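Have the model open as you read.

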Amino acid sequence: MSLALARRYRPRRFSELLVQDHVAAALRGAVARDRVGHGYLLTGPRGVGKTTAARILAMALNCANRTAEGEPCGECDACRRIWTGQANLDVVEIDAASNRGVDDARDLRERAMYAASQEGHHKVYIIDEAHMLTREAWNALLKILEEPPPGVVFVFATTEPQKIANTAAPVMSRLQRFDFRRIGPVAIQERLRGVLAEEGVDAADDALLLIARHADGGMRDALSVLDQCLSFGEGPLTAERVREVLGLIDEESFGQLLALVAERKPGEVFPTVDRLVDAGADLVEVAGGLADLLRAIIMHHYGTAPEALGEAGRRVVATAAAGIGPEDAVRMLKLLGESETALRRSANPRLILETLLLRWAMMDRAVDLRALLSGGAPGPAAAPAPAVTSPPPPREPSPAPASPPSTAPVYSVPWNDVGVRAAWPDILATATRQSRFLGQALQDASPRVGDPGVLQLVFGPSQAVSREGIERQKAAVAALVSARLGLEVSLELVGGEPSTGAGGSSPVQAGRRLTVDELRQERLTELRRRDPALDALAEALDLELVDEQ
Ligand SMILES: [Zn+2]
């Protein structure tokens, strides 16, 4: 397979342009009726066939054996040269990202003055990434388009037409615009299947669906991923091979992630993410997959399903939807959106994903606890009303947990100092696995039971830094402790101020706070120097504080 698939299977005729029938029909008709304009603007997401359509138009205009319907033959010398992008007198391809200035536009203008190389030929300029052109360049182009030389056609391709509208509105009004559609996953899947049939390779349906979903509407990306998958192994293409190439996780792992949220088991976040990382998962892809599933869960509650959801995916969604209501899913998507940038940019995406999963797993916990303490049953989940016509109301924070019905807490250890201390070594070990820093900080604390549902952590007089560490990770630590004790607890930190003894739970007085803050700052600076992970940690924990309101 010497020629990349994306190139080998690039369409050569209007009729082969996937999904863009409306564009293909209009351009083919214009060629057939000899009514081709001087300027076209092709817009749409990347990889949907804009440049390819421009080349097919150039081929059709210069083909020796054009059909009566306006299709190029794809085989004659002119067609071949244009299709392969070889040097050609009649077709000039310009990447505006690298030729954006006025000098290039002037050059273009001079060159446009020369008509096509032969009688009956058209000179076609294909300008890619046209939104990158400067205002000056557009002004020069406007002059050409106002008085176009005969036989000259400009085709501008862009993913961002709004930018052109902003910088070159007068030019826009002189162009015929065609909007290319995103190519749906099912259409991509069918196309991939056709390509593989020609290549003589078998492939599983779910393997192709994975590629199609990953490509997100771009045929070129889909073919290039297919290329990678084929060169990566022998024999029929399996979903497993695609996952390996793309760093995706399987449906079962997604099921586990959603289950720990649905069943509210924050304590399982760390071991579960550990397994993903060990398996080589791309955590950004994992977050993207979770977003897809949350959308599918919302749709499931309203009786529909996304087009591209395999059999295994449907099962995962149906199971998770029993414990995640539509309002929950909306709130989870919102939290995911807040973490997305950090996830992509962070040097430690694992921490960001863990924090996100913890926030998901802990949603509504405070509400449940209040209901419990006030003696009321947490209440059966109001079954998500399957309103057929209206979308789920994105109210948040939700005043009442929509679902799932919370199970009564199970006291796996007795709620007293002895019981808590018995569980403490376990909690320390889990914390240390999560973060060396966190484990050390927790070791400085002695646990004791406080008010119902409140666990106090008592620090000694010289343990301000440890106290700060726990303070910043309070929600994560509370989740850990809750999971181990089988009871939802909140934490109260006691002591740790340099000038007070242990045990004082009174608020820090204003006069002393400055000293504590200064000390904290100094120690934190020192700690950050020693432990680079702490920076990322602090960032993640700021997010957590926002959540606590
Ligand atoms: Zn031809």
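Helix α10 passes α11 in a right-handed crossing, meaning the near helix is turned clockwise from the far one by less than a right angle. Bear in mind that this is a predicted model, where local features need pLDDT of at least 70, side-chain atom pairs count only at pLDDT 80 or more, and totals for chains, interfaces and linings use all residues. Residues are numbered from 1 along each chain as its sequence is written.

The pair, α10 (residues 205-215) and α11 (residues 219-232), packs at an angle of about 135 degrees, with axes 8 Å apart.

On the α10 side, I211, A212, H214 and A215 meet D221, A222, V225 and L226 of α11; contact here means C-beta atoms, placed from the backbone, within 7 Å. By type, the contact residues split into six nonpolar, one polar and one charged.

Now for the loops. Most residues other than glycine have a negative phi, but these two go the other way:

| Residue | Phi | Loop |
|---|---|---|
| R264 | about 55 degrees | between α13 (251-262) and α14 (269-278) |

Buried or partly exposed: which is D216? D216 is partly exposed, with 16 other C-beta atoms within 10 Å, whereas R264 is buried, with 23. The cut-offs are 20 or more for buried, 12 or fewer for exposed, and partly exposed in between.

Terms used: Axes fitted to C-alpha atoms, helices over the stretch in contact; angles between N-to-C directions. Helix = DSSP H or I, 4+ residues; strand = E, 2+ residues; numbered from the N terminus. Contact = placed C-beta atoms within 7 Å. Nonpolar A, V, L, I, M, F, W, Y, C, P; charged D, E, K, R; others polar.
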